[in-house]
Amino acid sequence: MPLVPDKLVVLTFDDAVRSHYTTVAPLLERYGFGATFFVTEFPQPPFSDSTLYMTWPQMAELSRRGFEVANHTWRHSHVDRIDHARLVEEVRYIEAKLTSLGAPRPISFAYPAYVTTPEAARTLRELGYVFARTGGNRAYDPARDDPMLVPSWTTGEKNREEILRAFGEARGGRIVVLTIHGVPDTAHPWVNTPVPLFEEYLRFLHDHGYKVVALRDVARYLPTSLR
Ligand SMILES: [Zn+2]
């Protein structure tokens, strides 16, 4: 398998908020950066409010524009609170929505609220998922870490130094994965990332020669048995 290059960063965006379509995607395109958008029909405030969330056609458009649009469960369900059958239903719902709009069936999943269980990881693998992202604030090592438990750092309003430091961990076979919510996040202000801060991260990654990709793009660095 190919060696993981230094300065490899994965950007992931959770919860299908509207600013992913209006602000984030155009900025990423300006830099030529890839990314994964983990989509869901968030219950509260309700997904039907298109002033807060992307619509399904907008999500499908992001896929057509080359981004990875992937699975964050139907109703943002914590996997420790639902049984096997419900998890399968929640995962299949997102797959059916995406494929009905011409987007590929996803191979990446993000655990709502970063909650993981061994049973959910097994189910996701059985359903054909290659990656499942959680939190944890540390770098991801494809040679050692379980791809169904990919760690990430979460950006917010107050952890600029931590995130800039984290980028330095993308070396020695390790990949830095970020979880980002809205830029800005009007649906869930407590996970807001301000636009100027997000632009500073993009500029930093560009100016320092980082390669920025979607989570699915990391499959080539997995041991053959896990791909
Ligand atoms: Zn979420």
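1. Basis. This is a predicted model: local features need pLDDT of at least 70, side-chain atom pairs count only at pLDDT 80 or more, and totals for chains, interfaces and linings use all residues. Residues are numbered from 1 along each chain as its sequence is written.

2. Elements. The chain has six helices and eight strands; these are DSSP runs, with helices (H or I) of at least four residues and strands (E) of at least two, numbered from the N terminus. Their order is β-α-β-α-β-α-β-α-β-β-α-β-α-β.

3. Core. The largest nonpolar core has 64 residues. Such a core is a set of buried Ala, Val, Leu, Ile, Met, Phe, Trp, Tyr and Cys residues joined through C-beta atoms within 7 Å. Buried means 20 or more other C-beta atoms within 10 Å; exposed means 12 or fewer, and partly exposed lies in between, with C-beta atoms placed from the backbone. Val-9, Phe-37, Val-69, Ala-132 and Ile-175 touch the most other members. Strand E1 (residues 8-14) gives the most, with five residues. Of the chain's 227 residues, 42% are buried.

4. Cis peptides. One joins Gln-44 and Pro-45, with omega about -15 degrees. Pro-45 sits in the loop between strand E2 (36-39) and helix H2 (56-64). The other bond, Val-183 to Pro-184, has omega near 0 degrees. Pro-184 is in the loop between strand E7 (176-180) and helix H6 (195-207).

5. Positive phi. Lys-7 has phi near 60 degrees and lies before E1. Lys-7 is partly exposed, because 16 C-beta neighbours fall inside 10 Å. Ala-16 also has phi near 60 degrees, but is buried, with 28 other C-beta atoms within 10 Å.
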